[in-house]
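I opened this notebook to keep track of what I looked up in a structure that was new to me. The entries go from confidence to the sheet and then to the pocket.

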Amino acid sequence: MKFYAVRNGRKPGIYTTWPACEAQVREFPRARYKSFSTREDAKAFLAGGASPAATPVASTATRQTTNAVHIWVDGAWLQQGEEPPRFGWAYVILNGEQELHRGKGHAVPADAQQHRNVAAEIQAVVHALTWCRNHGITTATIYFDYQGLASWVQGAWKTRTPFTQSYVAQVRALGMQLTWKKVRAHSGEKYNELVDHLAKEAARPVRHRQRTTVRH
């Protein structure tokens with residue numbers, strides 16, 4: 001379980017879900033909040049002390065890592081004819097040359113669909129970092145091809161929609177040390193091409209995905 005401590009927000013306190021925390025800090029001027037692995041650390045943060053280090057969560061997949069990983073992310077937005085647009089997102093997490101985990105999906109919040117493929121790329125970042133944090137990983141380098149993913153979190157770009165504001169709040173609440181590296185899309189880089197493929201695969205209709213896997 002994670003504990004979200006809100007020091008400065010609509011109602012300061014400790015919350016056990018991100019939506020509950022987000023409701024207190026979203027669009028709140030100079031909000032102060034942070035996530036922790038224990039209630040005691042969250043209480044210390046509320047009391048005004050220095051933010052204690054989160055307690056790593058041991059797991060078979062990450063026990064041998066250096067606690068610093070490389071994450072490749074991408075998203076897709078596809079539309080065919082009169083059909084509703086479909087979204088796909090994907091990420092791959094590496095420790096050196098070892099692949100720790102990969103994930104993909106097509107769910108995107110309804111109020112985010114105006115952002116097209118950017119909405120999907122944001123989902124990839126959030127899902128990847130949440131997996132990392134849940135497995136005791138606190139440092140990561142993220143490889144991406146849309147500048148806003150980094151610039152919104154770093155404060156270089158102003159967030160102008162509730163969805164991008166929520167994205168920034170979620171990433172910052174995870175309390176991870178992040179390095180952002182922009183890569184050129186479709187440049188032939190192995191993992192950039194991989195997440196692009198996985199994202200497009202996730203965006204295809206289920207019937208199409210099933211048809212492409214049938215072998216005769």
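What follows are my entries, in the order in which I made them.

**Ground rules.** I noted that this is a predicted model, in which local features need pLDDT of at least 70 and side-chain atom pairs count only at pLDDT 80 or more, while totals for chains, interfaces and linings use all residues. Residues are numbered from 1 along each chain as its sequence is written, and side-chain values use heavy atoms, with hydrogens and water left out.

**Confidence.** I looked up pLDDT, the predictor's confidence in each residue, from 0 to 100, and found a chain mean of 81, with 85% of the residues at 70 or more. Helices (H or I, at least four residues) and strands (E, at least two) are DSSP runs, numbered from the N terminus; of these, strand E7 (residues 139-144) has the highest confidence, at a mean of 95, and helix H7 (residues 206-213) the lowest, at 47. I marked residues 50-66, where pLDDT stays under 50 and the model has 26 contacts (heavy atoms within 4.5 Å) beyond four places in sequence. I also marked residues 208-216, again under 50, with four such contacts.

**The sheet.** I then traced an open sheet of five strands with mixed pairing, in the order E6-E5-E4-E7-E8, where two strands pair if DSSP finds at least two bridges between them. Its edge strands, E6 (98-105) and E8 (177-182), each pair on one side only.

Going through the pairs, I found that E5 (residues 86-95) runs antiparallel to E6, with seven bridges, and that Leu94 stands opposite Glu99 in E6. E4 and E5 are also antiparallel, joined by nine bridges, and here Gly75 faces Trp89 in E5. Between E4 and E7 I found a parallel pairing with five bridges, in which Val69 has Ala140 of E7 as its bridge partner.

**The pocket.** Which residues lie nearest the centre of the largest pocket? I found Thr159, Gln165, Val168, Ala169 and Arg172 there, in a lining of 13 residues. A pocket is an open set of points on a 1 Å grid over the protein atoms alone, where a 1.4 Å probe fits, with protein on both sides within 12 Å along at least five of seven lines, and lining residues have an atom within 4 Å of a point. Helix H5 (residues 162-173) gives the largest share of this lining, four residues.
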